[in-house]
Amino acid sequence: MRLHGKTLHLFCSCDGVRVNNSMTRKLIYLVATLCVALAVYEAYAVAVAYKNLSHEFEPYESKTLMDIGLSEERKEILIKVQDPAFFEHTGIEWPSPLTTTTITQSLVKKLFFEKFTKGFKKIEQTLIARFVVHPNISKETQLVAFVSTAYFGEMDGKQLFGISEGARSWFDKSLSELTDDEYLSLIAMLPAPDALKPGTAASEERVGRIKKVLSGECIYEHVSRIFLDQCS
C-alpha cells in the first residue's frame, strides 16, 4: 500500500507539473503574439507617418524663424526653456522618452494625430519622432513648425494657435514688437497654456523661474523638468 501510495503521489505531482508547464507555454505564446501584433501595428503607423511626412511639413519648409518675427536671441531663449537639448537629441530624450515631450514629439502629436491618448499612442509618437521626423526634417524647420502650430490658450471662446497669433491676441502686437517680458510670458505658456495665461499670478511666477534659468541662477538641462519647480 505504501508503494502504491507513493506511486499515486508521484503521478499526481507529475500531472500537476505538466498542467503548469502547459499553462506557462500558453501564457508565453499569448504574450509573444501580443508583442508581435503591437510591433506590426507600430511599424504600420511609422510607415504611414513617413508617407505623410512631406505633406505635413510642406507649409513650413520655405519659412524661417526670422520670417515669423523671431530673432536669433529669442530662438535661443525658446530652446533653452522648452527643450534645452533640442539640437543634441534625436527627437527624443533619454532615459525617459515615453514620459517626456520634446519639441519634436510635440510636433508629432500636433501633425500626425487627430486624437492623442496616452499609452500605445505615446509609443507611436516616440517612434515617429525618432525614426521619421528627426532623420528627415531639419531642426530649423521643426522649430518653424513648432512655433507656428503651438497652442496659446483660449480667448473669448477662440483657441489660439501659433506664436504670432498668441502675440496679437494677448498683447495686440506683432511678435517682433513684444517686450522681453511679454515674449517670456508667451514662452511660459507652452507647457500648460490654459493655466499659464499672461497676466496671471501663475504666469508671473513661471516667468520668474525662466529668468533664473536664463541668468544661470538655476540649472535646467532636461525637458523632464520643464515646469522648473527646481527654480522656485
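Modeller: Contact means heavy atoms within 4.5 Å of each other. We're looking at a predicted model, in which local features need pLDDT of at least 70, side-chain atom pairs count only at pLDDT 80 or more, and totals for chains, interfaces and linings use all residues. Residues are numbered from 1 along each chain as its sequence is written, and side-chain values use heavy atoms, with hydrogens and water left out.

Biologist: OK, let's start with Tyr 50: leaving aside neighbours within four places in sequence, which residues is Tyr 50 in contact with?

Modeller: First find Tyr 50 in helix H1, residues 2–61 (helices are DSSP runs of H or I with at least four residues, numbered from the N terminus). Once neighbours within four places are set aside, the contacts of Tyr 50 are Val 132 and Asn 136.

Biologist: Now H4 and H6: are they oblique or roughly parallel to each other?

Modeller: H4 covers residues 103–112 and H6 residues 139–149, with axes 10 Å apart and an angle of about 55°. Axes are lines fitted to C-alpha atoms over the stretch in contact, with angles from 0 to 180 degrees between N-to-C directions. Under 35 degrees is roughly parallel, over 145 roughly antiparallel, 65 to 115 roughly perpendicular and the rest oblique. So H4 and H6 are oblique.

Biologist: And H3 with H9: how many charged residues are in that contact?

Modeller: H3 (residues 72–82) and H9 (residues 201–215) cross at roughly 105°, their axes coming within 10 Å, so the two are roughly perpendicular. Ile 77, Lys 80 and Val 81 of H3 meet Arg 206, Ile 210, Val 213 and Leu 214 of H9. Asp, Glu, Lys and Arg count as charged; Ala, Val, Leu, Ile, Met, Phe, Trp, Tyr, Cys and Pro as nonpolar; the others, Gly among them, as polar. That contact has five nonpolar residues, no polar ones, and a charged count of two.

Biologist: Last one: which cysteine does the disulfide join to Cys 218?

Modeller: A disulfide is a pair of cysteine sulfur atoms within 2.5 Å, and a search of the whole structure finds one. Here the S to S distance is 1.9 Å, and the partner of Cys 218 is Cys 231.

Biologist: What is the relative accessible area of Cys 231?

Modeller: Buried means under 20%, exposed over 50% and partly exposed in between, using a 1.4 Å probe and protein chains only. Cys 218 is buried at 10%. Cys 231 is buried too, with a relative accessible area of 2%.
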